[in-house]
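Here are my notes on this one, jotted down as numbered points. Have the structure open while you read.

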There are 2 protein chains.
Amino acid sequence: MKTICKNYPPFLDKNQQDFLISELMDYIQVHGINIRITHSEQDKKHFFNHQNVPLTLFPSLFPSIAFKKAKAIQCDFNKLYAFVANDEEFMCQVMENLVNIDDFIKKLWDIHLEVKKKGIVQPISLGIFRSDYLLEATQNSSPQLKQVEFNTIASSMGSFSSKISEMHKYLNSIGAYGSCILKEENFPKNDSIKLLTEGLANANRLYGEKNTKILFIVEPHDSFILDQRCLEYELFQVHGIQAYRVFLHSILDFIELRQNDKALLFKSPNSKIEEISVVYFRTGYSPNHYPSSIEWSARLLIEESRAIKCPTVITQLAGCKKVQQILCKKNIINKFLPENISKSLKETFVSIYALNRDLSGQEAYRLLMNNPQNYILKPQREGGGNNIYGLNIPTFLKTIPESQREQYILMEMIHPLLQTNTIIQNNELHHTNVINELGIYGVILWNKNGEIYHNKESGYLLRTKDKDKNEGGVMIGCSSIDSCVLVP
Amino acid sequence: MKTICKNYPPFLDKNQQDFLISELMDYIQVHGINIRITHSEQDKKHFFNHQNVPLTLFPSLFPSIAFKKAKAIQCDFNKLYAFVANDEEFMCQVMENLVNIDDFIKKLWDIHLEVKKKGIVQPISLGIFRSDYLLEATQNSSPQLKQVEFNTIASSMGSFSSKISEMHKYLNSIGAYGSCILKEENFPKNDSIKLLTEGLANANRLYGEKNTKILFIVEPHDSFILDQRCLEYELFQVHGIQAYRVFLHSILDFIELRQNDKALLFKSPNSKIEEISVVYFRTGYSPNHYPSSIEWSARLLIEESRAIKCPTVITQLAGCKKVQQILCKKNIINKFLPENISKSLKETFVSIYALNRDLSGQEAYRLLMNNPQNYILKPQREGGGNNIYGLNIPTFLKTIPESQREQYILMEMIHPLLQTNTIIQNNELHHTNVINELGIYGVILWNKNGEIYHNKESGYLLRTKDKDKNEGGVMIGCSSIDSCVLVP
């Protein structure tokens, strides 16, 4: 493993560090880059405390070739997952085994099947995706982009990432990085607020009825509410489209389907009945988001409706690890994309194995047991915090019945490039060795026949974590928002 | 006294109120409309707590004629005070008595005299002014605009007022005011961030040297730092001009005058020597800001320099109450402005008296003693918190020697129009009767010969206070930031 650059981040004396931190902290406050600390007591009164989102003091150096490649292939990844979600037969095969051992996936799949039986009234889907990568350090060549996962639901942090990119650029411009002056052209543009919102707005237009609204399905006590709010403000100010926020557990009190066309009707706080064009899920990806049958009924009613879903249930399921594992198998990807296009995508794949009870699964199990330190075990879950790493895997596997193994995929460990940075989290600074995870946002609007109305790479997220922490999700408090400075 | 409109603000049911408050509080957070709660412990580490600035839930109704008049006469008020500051002889007369009884004013005036003796090297001044008004309720005609004071130094809240105007307009657009839908064209534009910054940028250009910077002189532990920061960001992003922030008590460590031309040189946190084009005071208007001779030496050094001052000492002194009182005397204003222009300005004046020991002062004293409830006693101070009201005046005057009376002016009480509103302050909501104070910002750039380079009305500030509180300054926690909806 090697670092990209020895003299970065720059050394700052006490005065310079004070200047940098005071500039950074005020910028954070003026631009609302904060997480919400919620307490139920405050909640009732709408007065909350806030703290800066975990973030890095310096932007990270990132190899230009890898960054550009990640952006260049995003539209093809968008298409790939749109086509996977369109392929009922393929998805049916993937689900076949999973539904028997994973109750959460079964419930989602059942919603899809039930709505299919009744008739899908909205052929158009909106995907706000994010493809996440690590940079694999190599001995001889430049670092390689390796895909960690592909998110098809609730891809968050788009607003904060865009704002922190701007902030690092600003801090550099005003000389807050001391004698280190990074060239402005090496700070890549990060327009994710604009581009993610554009996707929602285009879906709204495509829905075809005037004066319809967008519904954000959100979690109560969401620490990242300010990240979501920026999209709402941009939607309203730039596109003139209003969004309402609703919790999954209470939405049934406010919605119903119009009998003739299953239009999703929403009762606003002013008791006005509004037609909903797009339902945007910022929750619903974890079993914890469905504590009772109420949430499941809500999800079913939305799925049945004429509103464009971001995402549909089947698109959400296309993002499960099992699909990622199958797409990594030789030539499967060519079912969806021609060879000349799929080639670049496949270069980002690492080996992923199923722990099935068949011959290939037994082979994978042997590989694992011989070198557990080379693997990560991942369940079919979004949102981080669920993975088992390296030497912990054998012990873990002993605790579950063999039949349960199939719900996990076994992924080759990526040995990421290291650099150093200073992380600001919980009102403390930590100077430490870090790993960068690059996420590229992608927005796609397509229909059941494979027609594509909008397909764009839509900005990026750089998350940086202490090298000794294993999880990448900012949500669970281990990862910090960062931005890229491109280097050769 | 009458309210303008009976059905405003609208009644909201529980759902509607919850919706409004949650929309408002999130908007505040995303847009950084917060005051800083400082503790010395946190201060060292740059981690602070913040709380929403006191603000109103609803915009206030404001008579269109009065609003437009206040805007229309601002440029003439700018000129008036610029010309007063240019008139050495006039200012000398005003100061003559004051310097003997007001040590703060004496020290400021001494700086002016000392610099004048050495030779004024910068003929150009920048004024960022604010003229504050109450609306006087009348029995028969529409409410009359009455000037409370004219601020010539550290006119603050420009950024927050601009943001809160946008916020009220947004809340109205998304239906957060329930069935009450205010017409968008009745929300006057409030571009104070843009316009105040434009003044600083034009002064920078007029200074005439390339790559010069602007210096903000600020207070430590300033609760309103986020209001100032917005001007810095706008300066940098729109005009490419960097500003540095320095405390008056520490500035001598960082500045010196270049021998040949008295250019103000500033040592940046990176130890780079930067030439300063404009010094913008956001402090320095109260004796509390000069706890030792260090601050006075700093003020003197800045005044001596070639940098354009916002404001110069004499411009600051032109804003003292004594000048306001003298300008209210019959025909004095015509010394500075022609009759046809001064007429509209004079219409906003209330009677103001000096408590001199001459005949007119004795007459004013008699007026006061007969009807103390009709008067306010004001010292020569900015920033609120220093006035004595109505029936408290006679008792107060007994506590000071007669010779000291001259440092006060006696101002006729304005009987302001009342309306109701809900104030959000200290995490509580208060629905109450309120008084509105309208401030119009004005920016003027002029030189000692009376040439004017820039003269613009530059946005507004509406401050709203509980009718039973006597002070208007947001700074002292009694007043809330509001915005106007114009009504016939």
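1. A polar contact here is a pair of N or O atoms within 3.5 Å; within protein, one must be able to donate a hydrogen and the other to accept it, and residues adjacent in sequence count only if both atoms are side-chain atoms. With that rule, chain A and chain B share 15 residue pairs in polar contact, both partners at pLDDT 80 or more. Keep in mind throughout that this is a predicted model.

2. Which elements build the chain A side of the interface? Those that give two or more residues to the side touching chain B are helix 1 (14-30), strand 2 (49-52), helix 7 (158-173), helix 9 (225-239) and strand 18 (428-447) of chain A. Helix 1 of chain A gives the most, with 12 residues.

3. As for the extent of the interface, 41 residues of chain A are in contact with 41 residues of chain B. About 3900 Å² is buried between the two chains, and carbon and sulfur atoms give 55% of that.

4. The same surface serves both copies, with 100% of the contact residues of chain A recurring in chain B.

5. The structure holds 64 salt bridges over all chains, and the rule finds six across the interface of chain A and chain B. One to click on is Arg36(B) with Asp26(A), where the closest N and O atoms are 2.7 Å apart.

6. Within chain B, Asp227(B) and Arg282(B) meet through their side chains in a salt bridge of 2.8 Å, N to O. This pair links distant parts of the chain, 55 residues apart: Asp227(B) sits in helix 9 (residues 225-239) of chain B, and Arg282(B) in the loop between strand 11 (273-281) and helix 10 (293-304) of chain B. Are these two buried or exposed? Asp227(B) counts as buried because its relative accessibility is 0%, and Arg282(B) counts as buried at 5%. On the network side, salt bridges that share partners join Glu23(A), Asp26(A), Arg36(B), Arg229(B), Glu232(B) and Arg245(B) into one network.

7. In chain A, Asp132(A) and Arg130(A) pair at 2.8 Å, N to O, and both residues are buried. In chain B, Glu88(B) and Lys116(B) pair at 3.3 Å, N to O. The latter two are 28 residues apart, with Glu88(B) in helix 5 (residues 88-101) and Lys116(B) in helix 6 (residues 103-118) of chain B. Lys116(B) is partly exposed, since its relative accessible area is 42%.

8. On to the core. The largest nonpolar core has 278 residues, and Leu215(A) and Leu215(B) touch the most other members. In soluble globular proteins, nonpolar side chains tend to be buried together.

9. Asn204(B), in helix 8 (residues 192-207) of chain B, is buried because its relative accessible area is 9%, below the 20% cut-off. What does its side chain pair with? The side chain of Asn204(B) makes a polar contact of 3.1 Å with that of Thr212(B). Beyond four places in sequence, Asn204(B) also touches Ile214(B), Ile241(B), Ser277(B) and Val278(B).

Methods:
Residues numbered from 1 in each chain as written. Chains lettered and ligands numbered in written order. Predicted model: local features only at pLDDT ≥ 70, side-chain atom pairs only at ≥ 80, totals over all residues. Heavy atoms only, no water. Core = buried A, V, L, I, M, F, W, Y, C linked by side-chain atoms within 4.5 Å. Buried < 20%, exposed > 50% of the residue type's maximum accessible area, 1.4 Å probe, protein only. Helix = DSSP H or I, 4+ residues; strand = E, 2+ residues; numbered from the N terminus. Contact = heavy atoms within 4.5 Å. Buried area = accessible area lost by both parts, 1.4 Å probe. Salt bridge = Lys/Arg side-chain N within 4 Å of Asp/Glu carboxyl O.
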